[in-house]
Structure formats: structure tokens, C-alpha cells
Amino acid sequence: MNINRTCIERLRRTDRCGYSAHGVWAAEPTALACLALMHSGEHAAAQNFSTQLADVQLSDGAVPTQAEGDSPSWTTSLAILAWLAIDGFEENIDRAIAWTLQAHGKTIPRNSEIGHDTTLLGWSWAANTHAWMEPTCMFVVALKAAGMRDHERTQDGLKLVTDRLLSTGGCNFGSTVVLGQATLPQVQSTGLAMLALAGEVNTDPRVQLSLRYLEENLNPHTTTGSLCYGLIGLTAHNRRPRNADALVQAALERELTREPSAYKLALMALASSPDLSWLPQRPEVAQA
């Protein structure tokens, strides 16, 4: 079974993408499907999904997680990536980036009972809440893809991602130590963190420990989303495991025992790529 062909063919026949096969439309799986389809040359289907993202973009440039305008807008990052991959959405990208640069999580003074630096500026899941790991990773990846690696907000995001790595390697939603107790790593968060930190000169030993954590914790029993993000994170650092294809194959066979969601089909298609050529990359924009 060809992993990419199987996933792409199913995505091409999908009208609206959700987190479950018959779930409500959602921006994240729609953007991921767009990236996977564009990478496989399915431009018409990718255009359809990019247009769906444009249709829900708010007047301030944000892209909500679902079609309802009052839902959180962390998915603006993924919409930027989708629009960067296909021509014709420059105005949407500009408005989304403008919103991204003014959006940020709430910072609070340092607290000895909290292990991470609460003063670092990143992005949050929802407005007026603390900045956390995964949304910050997604916005860092989007801004770097847009050629804004050197922008102050991107650099602040990279500092937050590094700060939230655990001392033993890996990371989770963004907590390190709470009330003296170290928290535990999660594969999906760690994969996203490694993707965000890819290409950076970072001598923090926790980066290498995090890559080792991924290598030691990807197996045929790893849930599909976590497996895919873990593989993408390792691939971003040229550490793709030799059994990567077998791992995705096992995940696909597991998903095909039921009707797989567009979210998982898109992730498996992206994770099956031996490199990150599906990730758009614009030339660096000179910063004022």
C-alpha cells in the first residue's frame, strides 16, 4: 500500500475537513490537507480548501478554529502555511500576519512555584490567556515560512519554545515544574517544538535530549497524531528513523479499520514525506 497515494486519494474526495470523519469543519485539518494536497500536485483540491479558510477569515485577519467567528484563532498560523503554499492568497496572508504580530499570550511575573519563564512573549490557545507551547510553535513555523525568521516576535517565540523544554528532554503543553514537581513530556508537543527549532543554532542540551526522547518513544503503538508530529520533528533535524515508513504504514492500517478523519489522513501524508519539502519557505524578509 502506498501511504501517500492512499491518504491523498481520500483527501481529494473530501469536501470538508474535520477531526473526525463526519465531524464539523475545522481550520486545522483543512490547512493540513491543503499542504498535503499541494505537495502531491492536487492543486484543485488544495485551492478548494484554501478558499474555505479564506471564507472564514475575520475582518481583523484572524482565522478561527471553526466557522463560528467567536472561536479561538490559534489556527491562523496554519492558515498562513496553507496560503503560502498556493498562489492567490497574498491579501489573506498579509492580514493574517498582521493579526499574528499583534496577538500574544498574557505574561505574568516570575513565580518560584512555576518552573518556566512566565515573562516570555508567545501565543496562546485562546485570547487573554497565558502563552503555551503548541500554539507558539505553530506561529513560529508560520512566520519562519513567511520569511520572518529574524522578526522580534519569531525570536521571542523561539526563546519560549526553548525555555519550555524539560531538563530531561521533551516537552508538553508548556509546563516544566509545578509546585516542585517536574511534569512529563508528550510526543506531539515535542515533535512540534523540534519543528519550530529546526534550522536554528541552539546549543541548549535539551534540544538533543528532546530528539533522543522522540527516537525512543515512537513505536507502532504511538497514537497517529503524536506519531506523525514526532516523525516530522525528527525529519526537521535530519534524524528521521529508518523505520519511519513502517510506523506510518502501521498507523494507516489502524486508521483504515474505521473511517479515518481528514486530520489524520493529512498528517500521515505529511509524515510519510522523507523531507520537509511540503513546508512552504519564502525568502527572508528584511526587518526594519
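Biologist: In what order do helices and strands come when the protein is read along the sequence?

Modeller: Read that way, this predicted model follows the pattern α-α-α-α-α-α-α-β-β-α-α-α-α-α. The protein has 12 helices and two strands.

Biologist: How are two packed helices described?

Modeller: By the angle between their axes and the distance between the axes. Take helix α2 (residues 27-39) and helix α12 (residues 262-271): their axes come within 8 Å and cross at roughly 35 degrees. The crossing of α2 past α12 is left-handed.

Biologist: Which residues of α2 and α12 make the contact?

Modeller: On the α2 side they are Glu28, Pro29, Leu32, Ala33, Leu35 and Ala36. From α12 come Ala262, Tyr263, Ala266, Leu267, Ala269 and Leu270. By class, the contact has 11 nonpolar residues, no polar ones and one charged.

Biologist: How many cavities of 30 Å³ or more does the structure hold?

Modeller: A cavity is space where a probe fits but cannot get out. The structure holds one of 30 Å³ or more, and about 120 Å³ of space lies in the largest cavity. Its lining has 14 residues, with Leu32, Leu78, Leu81, Leu195 and Tyr229 nearest the centre. Two or more lining residues come from each of α2, α4 (76-84), α6 (133-145), α8 (187-197), α10 (224-236) and α12.

Biologist: What volume does the largest pocket have, and which residues are closest to its centre?

Modeller: A pocket, unlike a cavity, is an open set of points. The largest pocket has a volume of about 270 Å³. It is lined by 17 residues, and Trp99, Ala103, Ser124, Ala126 and Ala127 are the closest to its centre. The lining comprises nine nonpolar residues, seven polar and one charged.

Biologist: And which residues are closest to the centre of the second largest pocket?

Modeller: They are Thr14, Ala21, Glu259, Pro260 and Ala262, out of 15 lining residues. This pocket holds about 230 Å³ of space. Its lining divides into five nonpolar, six polar and four charged residues.

Terms used
Residues numbered from 1 in each chain as written. Predicted model: local features only at pLDDT ≥ 70, side-chain atom pairs only at ≥ 80, totals over all residues. Heavy atoms only, no water. 1 Å grid on protein atoms, 1.4 Å probe; cavity = no way out; pocket = protein on both sides within 12 Å on 5 of 7 lines; lining within 4 Å. Points joined across faces, edges and corners; volume = space filled by probe spheres on them. Nonpolar A, V, L, I, M, F, W, Y, C, P; charged D, E, K, R; others polar. Axes fitted to C-alpha atoms, helices over the stretch in contact; angles between N-to-C directions. Helix = DSSP H or I, 4+ residues; strand = E, 2+ residues; numbered from the N terminus. Left-handed = near helix turned anticlockwise from the far one by under 90°. Contact = heavy atoms within 4.5 Å.
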